[in-house]
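Open the model in your viewer and keep the sequence panel beside it. The tour below goes from stop to stop, saying what to select and what is found there.

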Amino acid sequence: MRRRDLLGTAGHLASLGVVASLAGRGAWQAAGAPGDGGQGLLGRPLRVGYLPVTDAAALLVAHHRGLWEAAGVASAPPVLFRSWDAVGQALVVGEVDVVHMLLPMALQLRLAQEAPVRVVAWGHTNGSAMVTSTSVTETARLAGRRLAVPYWWSIHSVLSQHLVAACGLRPVIGVSPGPQEVELVVMPPAEMVSALASGSIAGMTVADPFGAVAELEGAGRVHRLLGDVWRDHACCGVVVRQELIDTAPDAVHALLDGLVMAQDWLEAHRQEAAELLTGGGWLPQSQTAVARALQRPEPGGVSHPDWHGERLGFSAFPHPSCTEQLVRLLGDTAVDGDRSFLERLDPVQAHDLVVDDRFVRAALERAGRTVPPRREEVSL
């Protein structure tokens, strides 16, 4: 019965291949082994942390629909955190085993702080936007004003600074902006919409559904989709503790099997996903906002309509070219903190230092997929 349920859950695209591979693995098919109390390959539930953004959708779906349990690793209800600092700290100290995390943040944790964490997959692509007040009709109108980002080590800060610089403005941190400057401030996503509505910031660059919430509440409008700035870029990666890889590699394999199936299901069931994420209590925003984030209408006035930057994508494979491009972009990005490690970091070597893609490669192969070839990054 578990197998029939799993087929219905996985839905489309190679579900039969996934289930067949799970059955062939023995222990990975069963949520529990004799004597483990039904806790799966870890002997205890997998502990998951997340922020209330659609970036976390694949992790939440994998738990809610029992995909991890079916793959062989039971999971406890995911724990919601309110800030990226809190997510990072919880992972580093071992309060959780796996999180979705901003890729620049994962890179900084691993290389600058030498935290024992690894990116094992991408959680999604695109899914973020610069949202501004209605008075900001072009980027140059941000001059002398404040723009909020969720974290210094975020793709939101990286691409915001490059967009601002491209129109002749200088991003500044910690000082009042001059007439040709834009002050960047870090703000928790949950506070951004009200700040935009009150006028304390002129814009915010953030993951959905906060952009969708701002639109629906009339607080602002989408000024630029980040998927229209960097084609199919990854915002968040799936990050685990190195200890999990070293001591329970089979559990990591099961984790990636469930993740791939969750991403497949999300691609085909976006409206149902909005109902699941909000009705299940995982995301606090309205179902309307989450549905808009998962199925944004194709916008007008974008620079690259063929990129479809409005579409939140679900792609697990972490392309090395993306890590390389991220390191290069970070070289020209201001942060409030130590960035000296970037000066000695070779962009080509960065991927192998931060990412362990063995598990996602194996998961894709078990699902009957071809591991994607190296791609060319196109941005700005």
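**Before starting**

This is a predicted model, in which local features need pLDDT of at least 70 and side-chain atom pairs count only at pLDDT 80 or more, while totals for chains, interfaces and linings use all residues. Residues are numbered from 1 along each chain as its sequence is written, and side-chain values use heavy atoms, with hydrogens and water left out.

**Stop 1: the whole chain**

Select the protein chain and colour it by secondary structure. It has 16 helices and 11 strands; helices (H or I, at least four residues) and strands (E, at least two) are DSSP runs, numbered from the N terminus. Of its 380 residues, 59% count as buried, where buried means under 20% relative accessible area, exposed over 50% and partly exposed in between, with a 1.4 Å probe and protein chains only.

Now show the surface. The chain exposes about 14300 Å², and carbon and sulfur atoms supply 49% of that area; the areas come from the Shrake-Rupley method with a 1.4 Å probe. Among contacts in the chain with a separation of 6 or more, 77% are between residues 24 or more positions apart. Contact means heavy atoms within 4.5 Å.

**Stop 2: α11 and α16**

Select residues 249–268, helix α11, and residues 358–366, helix α16. The two pack at an angle of about 55°, with their axes 9 Å apart. Axes are lines fitted to C-alpha atoms, for helices over the stretch in contact, and angles run from 0 to 180 degrees between N-to-C directions. The pair is therefore oblique: angles under 35 degrees count as roughly parallel, over 145 as roughly antiparallel, 65 to 115 as roughly perpendicular and the rest as oblique.

Which residues of α11 and α16 meet? From α11 they are P249, V252, H253, L256, D257 and V260, and from α16 F359, V360, A362, A363, L364 and R366. By class, this contact has 9 nonpolar, 1 polar and 2 charged residues. Here Ala, Val, Leu, Ile, Met, Phe, Trp, Tyr, Cys and Pro count as nonpolar, Asp, Glu, Lys and Arg as charged, and the others, Gly among them, as polar.

**Stop 3: α7 and α14**

Next select residues 155–166, helix α7, and residues 320–330, helix α14. They pack at an angle of about 55°, with axes 10 Å apart. The contact is made by I155, V158, L159 and H162 of α7 with L326, L329 and L330 of α14. By class it has 6 nonpolar, 1 polar and no charged residues.

**Stop 4**

Go to G337, in the loop between α14 and α15 (347–354). At 44% relative accessibility, G337 counts as partly exposed.

Then select D208 and P209, which are joined by a cis peptide bond with omega about 10°. P209 is in the loop between β9 (203–207) and α9 (210–216).

N126, not a glycine, has a phi of about 60° and sits in the loop between β4 (117–122) and β5 (128–132). Is N126 buried or exposed? N126 is buried, with a relative accessible area of 1%.

H308, also not a glycine, has a positive phi of about 55°. H308 lies in the loop between α13 (287–294) and α14, and is partly exposed at 37% relative accessible area.
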